[in-house]
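I opened the notebook to look up pockets and ring contacts. My entries follow.

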Amino acid sequence: MDRVNQKGLRIWIIVLIAFSVWSSSCAREGRLWSQSKALTAASVPVKKPMGHGGRSMLNSATFNVLDYGAKGDGHADDTKAFEAAWAAACKVEASTLVVPSGSVFLVKPVSFAGPSCEPNIVFQLDGKIIAPTSSQSWGSGLLQWLEFTKLQGITIKGKGIIDGQGSVWWVDSGKMPSTKPTALRFYGSKGVTVSGITIQNSPQTHLKFDSCTSVQVYNVHVSSPGDSRNTDGIHLQNSQDVVIYSTNLACGDDCVSIQTGCSNVYIHNVNCGPGHGISIGGLGKDNTKACVSNVTVRDVTMTDTLTGVRIKTWQGGSGSVQGIKFSNIQVSKVETPIMIDQFYCGESKCPNKTSAVAVSDIDYVNVRGSFTVKPVHFACSDSMPCTGVSLATIQLEAAAQETHSSDPDPFCWKAYGELKTTTVPPIGCLQTAKTSTTGHSKLESC
């Protein structure tokens, strides 16, 4: 090979080596640049989305009423802000509407309504909501103040307060409408949860569930004076699969009222008092048909209440109450701890009628404590006697120096059943019967 060709070959070898080294260096730098870019992106904090009004939201599905114009000073009308926040939350599944702590919100009657809302909305109540006390806010009268209707999966939770400011309604001054509102009502909803909150001083019922299914109430506090008329704690109507537990109820009427159309109700670990006890009814008013079944009340404490566990029906009704169990009921200074009253009359005078809501399959187990009027009162219908009433481990004694009855013995009329243990006092008035009665054959199916 001549000298020129050798020189050209050496030049090409040098060029190839240089290109190889340059390519390797570029690849290495590219990898380092990619890694650096990834680290930089990860280390830069992502800016949280801003809510309406510029406040940073916990996440894009959180809607704070302050961001929608609420003042939270207890004087300005915050109703429109609540409605706007709800309208936004309603469009997002599993969203949260926030009522923040540290503020008091004046809200007029309002309905948080579906059915077009997405499911599983949370109403996070940590502040305080108060009702207006001027008659202008109520028109001629409304049945509820705060209403949640036709929703799928609705939860109200938190440490906040709903205050009905009901004292202006409890006195008949003529300044407020005659129709008194329920403080918090759920209607036509499924998967309802209420937990943690306090509901106080309602003009009438504090918490109502109407035509709802799959309801849970726990760690709830209800509070109003014992002399505030018709202020039931929790009212159930046409609702199924309800659980109420770990709750304190103080009011001027029934701590829990279970009305027609209710079944599969489980109440446990509840404190009741003052109030009228836990009641099924009144049922059958104005000759109506009423049906209640499969109710369990257990591990409940009653203090200074009108009754303990009670079933009450109006004369003239039809239908049935059946499959009821009351167990582990502790009473203290309760007027009448155990009561069935098929002659209930919430008015000044009620006419005698033949038909009645049938009462059967009622169990009382381990009811203990003190009474002030009568330990047991079974007043059943002549035409539709109570049947299948069983009692076990009943120990009720007159409260020292506080008995207000000249006849503190148990009372029974047309009540049939079985004493499974000895009782204190002896309940000798309960009659035994092998079958129900001929009257029960007339019972309409529920």
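I began with the largest pocket: 28 residues line it, and His235, Gln259, Gly282, Lys285 and Tyr344 lie nearest its centre. On a 1 Å grid over the protein atoms alone, a pocket is an open set of points where a 1.4 Å probe fits, with protein on both sides within 12 Å along at least five of seven lines; lining residues have an atom within 4 Å of a point. I noted that this is a predicted model, where local features need pLDDT of at least 70, side-chain atom pairs count only at pLDDT 80 or more, and totals for chains, interfaces and linings use all residues. Residues are numbered from 1 along each chain as its sequence is written, and side-chain values use heavy atoms, with hydrogens and water left out.

Next I looked up the second largest pocket. Its lining includes Lys285, Trp314 and Tyr344.

Then I turned to aromatic rings. I found 13 aromatic pairs. Rings of Phe, Tyr and Trp (its six-membered ring) pair if their centres lie within 6.5 Å; planes under 30 degrees apart count as stacked, over 60 as edge-to-face and the rest as tilted. Phe148 and Phe186 are stacked, because their centres are 5.4 Å apart and their planes at 20°. Phe148 is buried at 1% relative accessibility, and Phe186 is buried at 0%. Buried means under 20% relative accessible area, exposed over 50%, partly exposed in between (1.4 Å probe, protein chains only).

I also checked Trp314 and Tyr344, an edge-to-face pair with 5.3 Å centre to centre and 90° between the planes. Trp314 is buried at 11%; Tyr344 is partly exposed at 22%.
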